[in-house]
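Dear colleague,

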Amino acid sequence: MTIDRRDFLAAGAAAASLLALPGGALAAAKPQPLKLLVLGGTGFLGPHFVEAARKRGHTLTLFNRGKTNPDKFSGEDYRDIEQLHGDRKTDLSALEGERKWDAVLDTSAYIPADVTRSAKLLAPKVRQYLLVSTISVYAKNDVPSEETSPLAVLSDPNVTEVTGETYGGLKALCEKAAEAELPGRTTVVRPGLIVGPGDNSDRFTYWPARAERGGEILAPGSAQDPTQFIDVRDLAAFLLACIERGHVGIYNADAEPGALTMGALLRESQKAAGKKSTLTWAPADFLEAQKVAPWSDMPVWIPARGEYTGFGRTSVRKARAAGLSYRPLRDTVRDTLAWWRKLPDERRAKPKAGLSAQRESEVLAAWHAQENKGG
């Protein structure tokens, strides 16, 4: 079966008409059940989307290699979820045949050729292709980015290794690949840092986990420094809204510019932890001299200057108009810490981001020594 673009637009218009219901929110209306395909679905974002879609009455099919959290949706409680195994690089046979879905969510798009392969196969089988991209696609960070800002361009467009240098450019090509196969039927959502329960990167989690240790906490820059991130549950809800409402096009999905600061994040972390602690703010120049790197050693933080002057100010005006909403920061911090507390002791003993306790103590000592000298 081939999907006619006119049918897709008509379906989108019908979904959008639900917004006229009292309250003005699609979430208040019982949606028409949809058949949704998720490429991935068992990592971090995928499970939150799956659970949100199930609560809305949709039918889910997951396609993945069965390697990441293979037991995530096993057991009697998840008999309603169809699970197909294959490899988007080498074996898409499970998606072949006369099967069709209303929409596909691609949570594992990193290599353009992989996206082309799956999108080409699914183009006659789905009405909408929703690809999860990233704000890292933007070429520059010295000014606030919006959806029309210039994108990163790879010096070698045929590169297939995902690194810090190639990640954004490859994602930009993935977006292009999806649109080429499903013109006018593709939705691209560009989230910022995705945070919340289940985040295995430990970047955001570093701060509530650090607050739980108590004592003197090394804090980067100043309490007023801006930052941006999005709770994985808010992102999942927005992705689902894009499908239910038939939204196509490109949307940045991040916090409102100016809504979040490092001070707010660390204060909420202290409150959630409930341990006695103090914050010692060390300026960016000092941290640089101490070889304490933004983002990795001091997660969620980059000083908004020079080539990163636009950090923390990505525009989300378009997504907000399309239905993106947020839960309070305190809920994200509290729930992330609750999830972290349930992890095995050996896992929590080796966080994947931030400074070690020993290194933090060394930097704090150096800062106090400088202060005592009047530096």
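This is a predicted model: local features need pLDDT of at least 70, side-chain atom pairs count only at pLDDT 80 or more; totals for chains, interfaces and linings use all residues.

Strand S4 and its neighbours

S4 pairs with strand S1 (residues 35-39) in the parallel sense, over 4 bridges. Within that pairing, Leu 39 has Asp 106 of S4 as its bridge partner. S4 also pairs with strand S5 (residues 126-132), again in the parallel sense and over 5 bridges. Here Asp 106 stands opposite Leu 131 of S5.

Helix H2

Helix H2 spans residues 45-55, and its buried residues are Leu 45, Gly 46, Pro 47, Phe 49, Val 50 and Ala 53. An α-helix has 3.6 residues a turn, so residues three or four places apart point the same way. The partners against which the buried residues of H2 pack are the strands S1, S2 (59-64), S4 and S5, together with helix H6 (232-244). Just after H2, Gly 57 adopts a positive phi of about 90 degrees.

Aromatic side chains

How many aromatic pairs does a search of the whole structure find? The search returns 6. One of them joins Phe 73 and Tyr 78 in an edge-to-face arrangement, with 5.1 Å centre to centre and 75 degrees between the planes. Phe 73 counts as buried because its relative accessibility is 3%, the cut-off being under 20%.

Another edge-to-face pair consists of Phe 238 and Tyr 251, at 5.9 Å centre to centre and with 80 degrees between the planes. This pair links distant parts of the chain: Phe 238 belongs to helix H6 and Tyr 251 to strand S11 (residues 249-253), 13 residues apart. Both Phe 238 and Tyr 251 are buried.

Tyr 251 has a further neighbour in Lys 318, which lies over the face of its ring at 4.8 Å from the ring centre. A lysine is likewise placed at Tyr 110, where Lys 171 lies over the face of the ring, 4.6 Å from its centre.

I would be glad to receive your comments once you have examined the model.

With kind regards

Methods. Residues are numbered from 1 along each chain as its sequence is written. Side-chain values use heavy atoms; hydrogens and water are left out. Two strands pair if DSSP finds at least two bridges between them. Helices (H or I, at least four residues) and strands (E, at least two) are DSSP runs, numbered from the N terminus. Buried means under 20% relative accessible area, exposed over 50%, partly exposed in between (1.4 Å probe, protein chains only). Contact means heavy atoms within 4.5 Å. Rings of Phe, Tyr and Trp (its six-membered ring) pair if their centres lie within 6.5 Å; planes under 30 degrees apart count as stacked, over 60 as edge-to-face and the rest as tilted. A charge sits over a ring if NZ of Lys or CZ of Arg is within 6 Å of the ring centre and within 35 degrees of the ring normal.
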